[in-house]
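The sequence and model are shown first, and the description follows.

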Amino acid sequence: MLRATLKSLRSRKLRLVLSGIAVVLGVMFVSGAFVLTSTLGASFDSLSASVYAGTDVAVSGKAPVSGGEPDENSATVPAELIGDVRAVSGVEKATGVVSVSGARVIGADGKVVTTSGPARLGTSWTGTADHRRLRTGREPRAADEIAVNASLAAAAGIEVGDRVGVLTLQPKKTFTLVGVFGYSGDRDTVGGAQEVSFIEPVAQELMLGRTGVYSAVVVEAAPGVAPEVLRDRLSAALGDTYDVKTGRQLQDAAAEVFREALSFFNNVLLGFAGVALFVGTFLILNTFSILVAQRVKELALMRAIGASRWQMIGSVLVEALVIGIVASALGLGAGIGVGALLAYVFRHVGNTDLPMESIEIPASAVVSAFAVGTLVTLVAALLPAVRAARVPPVAALREVAAPDRPLTRLTVAGVLITAIGGAALGLGLAGQGGAATMPLLLGGVLVSFTGIALLTPMIARPVVSVLGLLFSRSVPGRLGRLNSARNPRRTAITAAALMVGLALITGVHVVLESATASFTTMVDTRVKADLIISGAPGGDSAPTFDPAVLGRARQIGGVREVVGEYGDIAMINGRPNRVTAVTDLAAMTRMLPLRATEGTLATLPAGHLAVDAKRATELGLHAGSTVRVRLARGGVRTMTVAGVYTDDDVYRVGGWILPAEAAHDFRVAQPSFGYLRLADGADVSEVRKQIDALLADSPEVTVGDRGAFIAQQSSQFDTILAMIQLLLALAILIAVLGIVNTLALSVLERTRELGLLRAIGLRRSQAMLMIAVEAVVISVFGALLGLAVGSGLGATVVRALRKEGFTDVALPWERMGTYLVLAVIVGAFAATLPAIRAARVDVLHAIAHE
Amino acid sequence: MQTTTTGPPGAEARQDATVAARAVDVWKVYGSGEAQVAALRGVSVDLGRGRFTAIMGPSGSGKSTLMHCLAGLDTVTRGEVHIGDVLVTGLGDAKLTRLRRDQVGFIFQQFNLLPSLTAQENILLPLSIAGRKPDRDWFAQVIEIVGLGDRLSHRPSQLSGGQQQRVACARALVARPNVIFADEPTGNLDSRSGAEVLGFLRRSVRDYGQTIVMVTHDPNAASYADRVVFLADGEVRAELHAPTADAVLDTMGRLDTGPVGAGRTVGA
Ligand SMILES: Nc1ncnc2c1ncn2[C@@H]1O[C@H](COP(=O)(O)OP(=O)(O)O)[C@@H](O)[C@H]1O
Ligand SMILES: [Mg+2]
């Protein structure tokens, strides 16, 4: 039995390879993810070990505001602390250092140099005794001198001697670049980070907000004193106002942060793997079903000569197992390649300059590759295996035309499963699941897809018939259409492969499109500002501009009102909250949709604040209530609620609004947004030009009308869209494989028909056209399904998010049209090989009877 | 009724107007080297226009091979094949396809119909492929001859074997090809259905002047033809005109005394 199985397996290599490719791809992404994470993780470990080599213990301040993002950046230690540290026995050396992210260098092209995630550090020059190594020039000695690391110099296009603008806590300041440095191990950067080094007081002023403070005190232990021992001594001596950690602990913490950042890539890869494997399941199911259908006689003969049902099931499953193992092995190999490639890209294209000693292949990669690959294949082959076992022995003796089994049971199952998936999805969207929300959503989507896939055969016949009408003018077109409607299950499963990918992509598109549309509606109908100063969102520090611009803008003829908006995180009644400071709240209410429900928004005296109705209700606050506020600088202050407002929409303003004075104690005392209202009849473009000129030294922001503002703020979706395009490419690749596979098998199955058609005069080109039409009909069917399901999915999500401000459901018609056209192309492309095969059918061979 | 042996190749006059298809010294050799098999060994035969010709012979005698060569489905190793005034030998695939589409009709032993098309669609398929409009009167007449009036919208799976074969006959007839080739059209049918099919094949020759060439090993089927050509061992051995079943059986019997079976291996 086993030998017969393996033999038949070998005779159908090509088809099985085709169906196995999807598994290979899926396994490749799974193992690629593992390899990438552990390779980069290992290299980062070795990197941070060298970075913290000179640090035995570090003492840093506790952040006044914690739980928010800018955390340790606002934590400082006073200069006096160095003395206290030195007094502790076992301390060989103690150095105060400044190292804070948020130093943005303006490159030779006038644009701010960005990174794809790593920090843009501003530091105090502490010499080259630690891991810094001067490459050219010298260390900074004067207040207007800086040195930068080599990767930053290259990215900014600057050289020693150049005048370089740097944005910090303060607006643009210009320095002379006097030195370029690297790091121990001949590195240009530490994991992609940029570093600007000032002399100590300048670094303190620009990065920490005042002189006389440091980010941390770095301690070297005296010989023979273990870092842990020294840490405990320091802790005891300094009290719990400070954080004392060993270099080892800092190294671990850094690695942890790095791993977290990596987990994003990991999740993307695993997402790809999920899609590939899920779709691959359909492909394998289809291949095995067709193979079983084609081998009915052979299987019946086996039954007739005594094979048991279990043997039949076993024979199919053994085939599946072999394919699964082979596909997993191939996938693992490809995954190691992909992981290595991505690690390489991460290192060189991402400019991280990570040391890369070797490619790490963790056991988890191998185990998961084989577990996932074989399991998926076996599960997919289960149904066809059962079907094979149901072939009656008499089928060997009589001509059994594959009967059209009724689709009722399938449809009922489809409805049930879709309902279950929908319910899980609904539960997840309603936010009832708590920690289970994410699994509920993902599971809901997968189960719904499975259910819908089961329903597709039901829809396939009518839809395909209608679709095919487009091609019915020519005989080959009509035959192709008939063929595609012939076996609704086969057509449906093949189309479902394309459906899944397209539905996911369309769903995300709908959500993003709706977000943009909702935002647009909101800005268009509610925002009354004529010009808005703002920067593109994203990046490690929010774009800001020189506050002086606000005052100067007011002087421009035609400008009626100007409001500046500052943002930060503050502790309010002991919990982190996003806060906003505005220069003129009354003017703001005239430009943005804020409405007082209690108290007043007309004035906001010092020591007062306004809060939105939702938070006010949560905390039981009313006009006149007081709250304890702790900003990045200064102690805890008590502020009085002047007004409660509703902003009943998505607008970011939501939250605590503080008077302008409070912004001085924000970590960054520079506005991120500016709103301008112009006098009636003012020349908008003229005013714009003048403001543009004012912003010359604030390259992170631009001024534009509402349309420009909308375009800028929606640009944050671009990365997501790029990811989606990748996913689309993968989904299409697998769908093409599916269509090729199904058509190749169909052509084989219909060799005689093709021969007959050729005998009675069908030309080769017509035979090819016939196959092409069949393929296009299948792929367009899949695309339509995907677009419909994706739109439904996206619209459901958008509806569920209505409270979060998704007011509009918008369908990306243009993209959807593109996908449909793409489906036609994909279909035609997938048809190429099977069509050539069909055209090559030997007439005599086909009509010769056994 | 008379029995003649065939004359030397090309002995019969080239009366093109009366010849629908012709084979001249046709050889067909399969395989190469040791495994070489000559299925046809210098066959020359003229198939008269408006006549019903049967090609008889024991299994393996080369009947199907001859038919395939005559119909332009297969290439010959040596010799020439003509259909009407077209020299088939040496034509490329495109021209052959056209020739089959416009000049030739086929009826096979089995698997004649496309399962996804109705009877009517199957019948009209050659015309649709060629992009020709069916002649309504002729179509009605053909349907009448084969007696399928009430089955036109059925699919092949809903028809009996005999009905399926009649649909195949109708399909061959409706395009009015120069010549119809039928390979054991009654091979899979019971005797009554077989007789029906043979009956209207003969009728279409008598009443409408259709040319039909039928391969069969059934003497009874051969007796419906105007002329029977006997093949054995890849060679034409005998010929009968206006045969009866008994005469065919008789001739077959005499052929059987000679070496019969797979073509002999021929030297290079
Ligand atoms: N494709 C082929 N390859 C090799 N030999 C063949 C092939 N087709 C037919 N033959 C051989 O040619 C001879 C004639 O076959 P065929 O014309 O099918 O006989 P018939 O139809 O009279 O039974 C047989 O010996 C057969 O084995
Ligand atoms: Mg034969």
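**Conventions**

Helices (H or I, at least four residues) and strands (E, at least two) are DSSP runs, numbered from the N terminus. This is a predicted model, in which local features need pLDDT of at least 70 and side-chain atom pairs count only at pLDDT 80 or more, while totals for chains, interfaces and linings use all residues. Residues are numbered from 1 along each chain as its sequence is written, chains are lettered from A and ligands numbered from 1 in the order in which they are written, and side-chain values use heavy atoms, with hydrogens and water left out.

**A buried threonine in chain A**

A:Thr494 is located in helix α14 (residues 488–526) of chain A. With a relative accessible area of 1%, A:Thr494 is buried; buried means under 20% relative accessible area, exposed over 50%, and partly exposed in between (1.4 Å probe, protein chains only).

Contact means heavy atoms within 4.5 Å. Leaving aside neighbours within four places in sequence, A:Thr494 is in contact with A:Asn286, A:Gly738, A:Ile739, A:Thr742 and A:Ile778. With one of these, A:Thr742, the side chain of A:Thr494 forms a side-chain polar contact at 2.8 Å. A polar contact is a pair of N or O atoms within 3.5 Å; within protein, one must be able to donate a hydrogen and the other to accept it, and residues adjacent in sequence count only if both atoms are side-chain atoms.

**The nonpolar cores**

A nonpolar core is a set of buried Ala, Val, Leu, Ile, Met, Phe, Trp, Tyr and Cys residues joined through side-chain atoms within 4.5 Å. The largest has 139 residues, of which A:Phe449, B:Phe106 and B:Phe181 touch the most other members. Helix α22 (residues 764–800) of chain A contributes the largest share of this core, 16 residues. Apart from it lies another core of 48 residues, including B:Ile212 and B:Leu240.

Beyond its neighbours within four places in sequence, A:Phe449 has contacts that include A:Phe278, A:Met499, A:Val789 and A:Leu793.

**Chain B and ligand 1**

Chain B contains eight helices and eleven strands, and 54% of its 268 residues are buried. Of its contacts with a separation of 6 or more, 70% join residues 24 or more positions apart.

An oxygen atom of ligand 1 lies 2.5 Å from a polar side-chain atom of B:Thr65. A backbone N or O atom of B:Ser61 is 3.2 Å from an oxygen atom of ligand 1, and for a polar backbone atom of B:Gly62 the distance to a ligand 1 oxygen is 3.1 Å.
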